[in-house]
Structure formats: C-alpha cells, structure tokens
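Please open the model in a viewer and keep the selection panel at hand.

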Amino acid sequence: MTGTLGQRIETSLDAGVRDEVSAYAAMLAEEAGAHAVLFYGSNLRTGSLEGVLDFYVLLPGAQAERIWPRVSYREWEHGGEVLRAKIATMSLEQFASAASGKSRDTTIWTRFVQPSALVFAEGQNARGEVLNAIEAAAMTAARFAAALGPHEGRAEDFWRALFQATYRAEFRVEKPGREDSILSVNEAHFDGLLPLAWSAQGIAFERNAALLKPHLPDREKTEILRQWRKRERLGKALNILRLAKATTTFDGAARYGAWKLERHTGIALEVTPFREKHPLLAMPGAAWELWRARRAQR
C-alpha cells in the first residue's frame, strides 16, 4: 500500500457493521469458497437491515466468465427476520485488475472509490489484496478526475465531473444531481481523499485554501483523456451486454422483482416455480396479473 492513502483506505474498510451483516457475509463466503467479501451501499452508511444488502463476493483463481460480475438475489432467515441481499460475484484477480483501470470497465473503480467495508477475508494475504485493490480504485478515479475535472476547483468539483462522466459512459439512468447526493451523504469519506490519491501516484498539485489545481503535463493529460474516450465508447455496449446476461443468469430474479413490486406498490405477486425458473417467459402473465391487481386497488 502507498503511505497515507493506504492507511486511509484500511481505516475505511475496517468500518463496523451489524453482526447480521457479518454473519451473512461469512455464510456467502463459505458457500462460494471466497477469498473476501465486501459490503457497500446505503445500508453500510445507515446501519439498517431494511431493503437489500449489497455484497461483492471475491473468489480465488482466474475469472471464469468473460462478462462479470455474476449477480444473484438471496433471502436468508436469520434471527427471526428475513434478510435480503443482492450479491455480485467475480474473481479477486479480475476485481483488482478492474480497480486499477487496466481494463476498459469503469464500474468497479467508480463504485469502490465510494465507501465499502471488508466484512470477510480468508486471511492476511486476501485482506492485503483487497486493500491494494481498493487503494488502486481510489487512484484510478482520482487520475481520471484530474483530467476530466476543472482547471482549478474544490475537491467536490473534480469528483462531480468524474461521476457525471461515468454515468454518461455506463448507460445508467440516474436522476439529475445523483452525484451531488453521493458526495453529500459520504462527505466524511471523500474529505481529503483526492489529494491523498493524487500524491500516492505522483500527481503534483497546488492547494489554495479549498481550491486544488492539479499539474498534469499536457502529454499526460492528453493520454488520460484518450484512455477515457475508449472507455466512453465501450461503456454503454459493455453494460448492455451485462444487462442482457443478467436477464438469463440473475439467480433469484423473480423473487427480487416480486419483493420490489410489493415494497413499492403493496401488490404481492406469487412467485411460482415456472416464474422462478423462467422469469422472462413468465413476464407477460405477471404483467397481466399486476394490471388486474392495480385495477382492483383503484
């Protein structure tokens, strides 16, 4: 790890979580034979068990699938309540590569420059690999922010420019101002992170009160922007491929959809064995049942 950025990342990853979250992560790790499990999302910030818990399960060995991660939905009865989780699974090796910016994917380093907690690690080696990967994610994000952001500005101006650019590249439907909410609810996490991440990779900068001015040589900035344009061109296509894959490989998709529907509308659709096994084929029948239920509500 690199100096103070490494210390900052380690402190962040050691954030305390509910015992139920730790137990869920340990169960997932044991079943998958995982090296490590990361916990992230709004439930990390709030400490709530409501809604869906978000986990990344990181496996040993090489990445088995070309389109990653594999996504699944799980319900687990624990301590008298049902805990729901969305689980992304991929190899730790591929996770580290994506975090470092070596691939043209933007989703991993964009997601994990934001807060996460290391809730399971098989041993010190696995822990060290994850710490290095999350540190690399911060450096990758900061490097692109230096090139995509303003000539001079506050740290949040650089982060804001970065998140806006990644939303455009990733084919994500985000409400206007989504980047502002990320920065505001995670203010303590981002406070001081950008200069640490710049220093860790040798990007010089000036500091004038709250304003930062990175000194990227023209040649280096041109190269970073060239790399970004490649990611921007491929980002939408890559995410469409992932969405297409998820329609056939999202384990538990029918239960996940039914739970979300009931949570938002109060309408409970039965998850039959057919709907569980063939969520796409079952969609017309489910839509008809939903229409009838909504009409009855009115």
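Select Ala155, Glu156, Phe190, Asp191 and Gly192: of the 18 residues lining the second largest pocket, these lie nearest its centre. A pocket here is an open set of points on a 1 Å grid over the protein atoms alone where a 1.4 Å probe fits, with protein on both sides within 12 Å along at least five of seven lines; lining residues have an atom within 4 Å of a point. The model is predicted, and totals for linings use all residues, whereas local features need pLDDT of at least 70 and side-chain atom pairs count only at pLDDT 80 or more. Residues are numbered from 1 along each chain as its sequence is written, and side-chain values use heavy atoms, without hydrogens and water.

Next, colour α7 (155-169), α8 (178-185), α9 (187-190) and β7 (211-215), each of which supplies at least two lining residues. Helices (H or I, at least four residues) and strands (E, at least two) are DSSP runs numbered from the N terminus. The largest share of the lining, four residues, belongs to α7.

Move on to helix α10 (residues 193-200), where Leu193, Leu194, Pro195, Ala197 and Trp198 are buried (under 20% relative accessible area, 1.4 Å probe, protein chains only). Glycine 202, with a positive phi near 80 degrees, follows α10.

Finally, select helix α6 (residues 124-148). Zooming out, 43% of the 298 residues of the protein chain count as buried, and its secondary structure comprises 14 helices and seven strands.

Terms used. Expected span 1.5 Å × (residues − 1). Buried < 20%, exposed > 50% of the residue type's maximum accessible area, 1.4 Å probe, protein only.
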